[in-house]
Each structure stands twice: as C-alpha cells, then as structure tokens.
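Please keep the sequence and the model in view while reading.

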Amino acid sequence: MKGLYLSKKLTAILTGGFVLSLSILLCVGKKREFSEQENRYLSSFPKFSWEALKEGDFTADLESYLSDHFPFRDFFMGVKTGVELCLGRQEINGIYIAEDGYLIEKYKQPQNTEKIIRSFRGLKEATEQAEVYLMLVPTASCIYADKLPEGAPINSQLDTISQIYEKAGCVSIPIEEALLSLRDEKEPLYYRTDHHWTSYGAYVAYLEFCKAKGFEHVRLESLEKKVVTEEFKGTIYSKVNDYLRDGDAISIYVDPKEKLTVSYTDTKEQTDSLYAEEYLDKKDKYSYFLNNIHPLIEITNETIDTEEELVLIKDSYANCMVPFLIKHYKKIYVIDPRFYKEAASELINQNPKVKDVLLLYNMNTLDTDLGVGGIY
C-alpha cells in the first residue's frame with residue numbers, strides 16, 4: 001500500500017510540475033506573430049471589455065490565443081497526427097489522407113454561385129474593347145477523386161463549373177477534360193502537400209487557352225525544365241502536420257532567351273524575373289511565383305513581336321501559368337482583386353492595346369474569395 005501511495009504521489013508531482021512548467025512558458029515565453037509551419041498569423045492577446053466578456057467574444061478569442069501560443073505547439077500537433085495516422089484515420093482537419101501520398105482538401109458545396117455569376121457578368125458588360133475569357137480550375141478533390149479514401153463523399157465541382165460557364169456571359173475555357181485525361185501521367189498535376197496545381201497542371205490548362213485563342217502553343221520540349229526545390233510542404237501539409245511526409249518538388253519551365261520586365265506597382269520594385277528566389281528558403285515556397293501577393297503587377301515581354309496586351313484577373317492558381325501566357329503578349333496586367341482597389345474595367349477600357357481579359361479562379365476558394373465581388 002505504501003508503494004502504491006508513493007507512486008500516485010510521484011505521478012501527481014510530475015504531472016503538476018509539467019503543467020506548471022508549461023504555464024510558466026506560456027506566460028514568459030517569446031510569442032510569435034507568424035507561424036511559418038502553418039503559413040498564417042497567430043492570434044494576438046484579446047482586448048478586454050465587459051461587452052466582449054458578456055457576448056462571449058473575449059473568452060473565444062482568449063481560447064484561440066492560448067491554443068496558438070501553447071508551448072511546443074508544433075511538436076504536440078505532430079504527435080497528435082502521428083497517433084491518428086497509426087489508428088487508421090483517413091481524414092484530419094478536413095484533409096483526406098489519399099492514395100499515392102496525396103493530401104487532398106475536402107471540397108465544400110458553394111453557397112454564393114449566383115453572386116459569383118453576377119460579378120463575372122458585370123465585368124463582361126463593363127468591358128468595351130476586349131474579349132473576356134473565363135477559366136475555372138477544378139481542384140485535386142475532383143481530378144484525383146479516385147485517390148480519395150473509400151467512402152469519402154464526392155461533391156462534384158463540375159456541375160457548378162458548368163452552371164457558371166452557362167450564365168456568366170464570358171467565353172468559357174473548360175479544362176477539366178484535359179486534366180482528367182492526364183491524371184494518371186507520371187508528371188503530377190497537383191502538389192501532394194499543397195492545394196495548388198503544379199507548373200505542369202498549369203501548362204495543360206494553358207494549352208486549352210491557346211486552343212480558344214487560336215495561338216500556336218509553346219512546346220515544353222523547347223523550354224528548359226528546372227527543379228528549384230524538392231522540399232515544398234504546402235498549406236495542406238500544415239493542416240495535417242505529418243512531419244514524416246516528404247515534400248514536393250517545384251519545377252519551372254524557362255526560356256533563357258526571353259527578356260522580361262516585371263513591375264510591382266505597390267512596392268515600386270522592378271525586376272527581370274517572374275520568380276522570387278528568397279521564398280525557396282521559407283515555408284511558403286509557392287510564393288516563389290510572382291513574389292507572393294501584389295494588387296497589380298505589370299509584366300512586359302521585351303522579345304515578342306506583338307503589341308497586344310492581356311489583363312489577368314485571378315487567384316494564386318494563375319501565378320504559375322503566367323510564365324506561359326507571357327509568351328503571347330507584349331504586356332500582362334496581373335490583378336489580385338482582393339487588394340486592387342480600383343475597378344478592373346477602368347484599367348481595361350483605358351488601355352486600347354488590351355485585347356483579352358482572362359478570369360482564372362480555382363473552385364475550392366472561389367466561393368469565399370473576397371475579391372470576386374468587386375472585380376468590375
């Protein structure tokens with residue numbers, strides 16, 4: 001009995017010491033503002049008010065703060081994921097553990113389709129001299145549905161894509177059949193640890209754009225393929241926290257003879273490259289394409305024999321397609337409507353050399369993209 005009593009007492013002391021140590025670390029430890037692992041800003045300590053306490057906002061915000069800044073948070077999240085995987089879990093934090101090493105984000109049925117259609121149609125009607133093209137990108141949960149765990153519900157994106165194409169009034173560029181026909185190829189169309197498509201996936205869609213425009217496409221064989229990193233662990237990886245999972249390779253296709261001028265209008269920075277090398281040393285390696293987020297980027301092709309220009313209104317999926325699109329235009333205006341405060345139609349109508357407008361959005365974030373409502 002005495003041995004059992006001592007054992008319980010020792011366990012209580014160790015447990016209490018562990019909890020106390022974590023509490024002290026939580027209070028005095030250095031707080032991070034940004035999580036590289038999760039690629040997001042962490043919660044700040046909430047401002048107290050009696051009203052916030054009464055409404056429950058203060059306690060909810062405090063809970064988020066404590067969760068975000070819990071000592072060794074990344075380590076414990078990794079341990080939790082490891083245990084869940086050992087127990088055979090096939091879904092973690094809305095991410096399916098799919099075949100062939102893929103992590104695939106669950107697709108939610110859209111709620112704002114009619115609003116999206118009105119926005120696309122509004123831009124079409126407000127545009128004077130240019131043709132407006134629309135390309136909606138199905139995500140991995142659609143193209144790689146055969147890799148999802150058995151029993152996973154499949155909410156098709158194709159019906160919604162068809163509905164938007166039919167009613168938006170733009171020139172539609174369907175790409176789903178082209179992607180589906182190549183889903184078993186060795187070259188991946190989507191990253192295994194991130195929600196974006198690869199440069200090759202973007203190239204497949206670029207071919208469909210060329211067909212719609214009557215352009216002679218650039219052959220991949222004529223470009224130099226470069227693997228810029230093999231350690232890309234993207235946003236989906238960050239939701240799962242499976243630290244034993246290998247990273248993805250990011251490849252680009254370059255033309256050494258091409259001369260570009262890339263101007264970021266918000267920072268006034270000018271460069272001759274579509275790529276930002278510094279991001280390869282960070283967690284957010286996809287921002288290597290077009291230097292992360294900018295309201296308006298102006299890209300000029302100094303080597304092409306045409307004066308026609310393109311306005312590209314897009315989400316981040318378009319960033320890795322720009323290297324292919326620029327081969328057909330003297331200039332591309334790249335607009336991110338989430339941060340571009342002017343009407344896109346004004347920029348289009350004020351530049352008579354703009355002959356084409358391309359709307360390019362992926363289906364997983366289209367429904368919640370804050371920029372879509374103000375594109376025109």
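## A buried loop residue

A residue is called buried when its relative accessible area is under 20%. In this predicted model, Asn-319 has a relative accessibility of 5% and therefore counts as buried. Asn-319 lies in the loop that runs between β13 (309-314) and α11 (322-325).

The side chain of Asn-319 forms a polar contact of 2.9 Å with the side chain of Lys-314. Beyond residues up to four places away in sequence, Asn-319 touches Tyr-286, Phe-289, Leu-290, Asn-292 and Lys-314.

## The mixed sheet

Eight strands make up an open sheet with mixed pairing, in the order β7-β6-β15-β13-β14-β12-β10-β11. Its edge strands, β7 (171-172) and β11 (269-271), each pair on one side only.

Within the sheet, β6 and β15 are joined in the parallel sense over seven bridges. Glu-131 has Asp-356, in β15, as its bridge partner. Helix α7 (residues 158-168) packs on the sheet and touches β6 and β7, with its direction at about 170° to that of β6. Helix α9 also packs on the sheet, touching β6 and β15, and its direction makes about 155° with that of β6.

## Helix α9

Helix α9 (residues 199-213) has 15 residues, so at 1.5 Å a residue it should span 21 Å; the 20 Å between its end C-alpha atoms agrees with this. The helix is mostly covered, with 11 of its 15 residues buried. Among them are Tyr-200, Tyr-203, Glu-208 and Cys-210.

The buried residues of α9 pack against β6 (131-137), α8 (176-181), β9 (248-254), α11 and β15 (354-362). Just after α9, Gly-214 adopts a positive phi of about 80°.

Conventions
Residues numbered from 1 in each chain as written. Predicted model: local features only at pLDDT ≥ 70, side-chain atom pairs only at ≥ 80, totals over all residues. Heavy atoms only, no water. Helix = DSSP H or I, 4+ residues; strand = E, 2+ residues; numbered from the N terminus. Buried < 20%, exposed > 50% of the residue type's maximum accessible area, 1.4 Å probe, protein only. Polar contact = N/O pair within 3.5 Å; in protein donor to acceptor, adjacent residues only side chain to side chain. Contact = heavy atoms within 4.5 Å. Expected span 1.5 Å × (residues − 1). Pairing = 2+ DSSP bridges. Axes fitted to C-alpha atoms, helices over the stretch in contact; angles between N-to-C directions.
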